[in-house]
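This report describes selected features of a single structure. The sequence and the model are shown first, and the discussion follows.

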Amino acid sequence: MNILITGAKGQLGNEMRVMSKEHPKHRYFFTDVMEADDTSVLDITDAKAVSAFVSNHAIDLIVNCAAYTNVDKAEEDEVTAKKINADALSVLGGQGIKVIHVSTDYVFSGDGHQPYRETDPVAPRTVYGRTKYEGEKRLLAECPEAIILRTAWLYSSFGNNFVKTMIRLGKEKKSLGVVFDQIGTPTYAADLAQAIFTVLECPVWHPGIYHFTNEGVCSWYDFTIAIHEAAGIAGCEVHPILSEEYQYQTPRPHYSVLDKSKYKKTFGVEIPYWKTSLVRCVDRLMIDN
């Protein structure tokens, strides 16, 4: 297949690029709104540009890794967030080809106590969550055969993310206060990329919404402790604090655990435990640096 991968300069897009080398039977077209030597420029909100690209390169399938993910800035710039997270999905879904789209745990309220299933009611409480959910609806309206993968707490050796920030702060500071009353599952973007390739390589197309994160649960505090252990940081004391002490600009979900049973059963795979994947990522960061 000829596969268009959008958002190629982001965490997931970069992991898709790395992993694509292990799946050479397809031809990949990596695009991003930002110009780069090894990436074609494509604005997914530009319907004419997308249609031309799909036609000119005989694209068979789109993997959408592009998103407006800054939760705080989205509250101040809903127009742009909606354009990228929602309006663009009408464009991508309207090309008459299959689409794999990455969504988020933020479509839920975050006040649950059991892992969220795909069939649970959504109740987004932020502009980011609302625009991402709107994007899901727009995509399925245009392309009922689409596959949507909701994920959470994404990190990678690429880009800016919580893991890199905690390693940097752990080296710079003698103490850190990290929220302990928000629970979720860290997700290594390389594992999410593998999940997407599992979908691509499956002999049967299974449309619908799926949840994918790594296995297990933890708080941001627990996550930070594990990051410092994996990175060999011993000189920084990490203290648990309440969300209200951190004073977020925008509310964060207190519970973001996703039930992955449907994905595992449909595609017949096991998913790595979050700590195991974290060690892989940190080891990769140590090598790169």
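This is a predicted model: local features need pLDDT of at least 70, side-chain atom pairs count only at pLDDT 80 or more; totals for chains, interfaces and linings use all residues.

A disulfide requires two cysteine sulfur atoms within 2.5 Å, and a search of the whole structure finds zero disulfides.

## Helix H11

Cys 281 is one of the buried residues of helix H11, together with Trp 274, Ser 277, Leu 278, Val 282 and Leu 285. Viewed down the axis of H11, the buried residues fall within an arc of 135°, so they line one face of the helix. The elements covering these buried residues include the strands E7 (154-155), E10 (187-188) and E12 (218-219). The helices H6 (162-172), H7 (189-201) and H8 (220-231) also contribute to this cover.

H11 comprises residues 274-288, which makes 15 residues. From its first C-alpha to its last it reaches 21 Å, close to the 21 Å expected at 1.5 Å a residue.

## The sheet

Seven strands form an open sheet with parallel pairing, in the order E3-E2-E1-E4-E5-E6-E11. Strand E3 (40-41) and strand E11 (208-211) stand at the edges; each has a single partner strand, so one side of each is left without a neighbour in the sheet.

Within the sheet, strand E4 (residues 61-64) and strand E5 (residues 98-104) run parallel and are joined by four bridges. Asn 64, for instance, has His 101 in E5 as its bridge partner.

## Two nonpolar cores

Which residues have the most contacts inside the largest nonpolar core? They are Met 16, Val 63, Ile 100, Ile 196 and Tyr 263, in a core of 28 residues. Strands E1 (2-6), E2 (27-32), E4, E5 and E6 (147-151) each give two or more residues to this core, as do helices H1 (11-20), H7 and H10 (261-267). H7 gives the most, with seven residues.

Not counting residues up to four places away in sequence, Tyr 263 touches several residues, among them Leu 149, Ala 195, Val 199, Tyr 210 and Ile 271. A second, separate core has 25 residues, including Trp 153, Val 178, Val 282 and Leu 285. Val 282 and Leu 285 are also among the buried residues of H11.

Note on methods. Residues are numbered from 1 along each chain as its sequence is written. Side-chain values use heavy atoms; hydrogens and water are left out. The expected span of a helix is 1.5 Å times one less than its number of residues. Buried means under 20% relative accessible area, exposed over 50%, partly exposed in between (1.4 Å probe, protein chains only). The arc is that of the directions from the helix axis to the C-beta atoms. Contact means heavy atoms within 4.5 Å. Two strands pair if DSSP finds at least two bridges between them. A nonpolar core is a set of buried Ala, Val, Leu, Ile, Met, Phe, Trp, Tyr and Cys residues joined through side-chain atoms within 4.5 Å.
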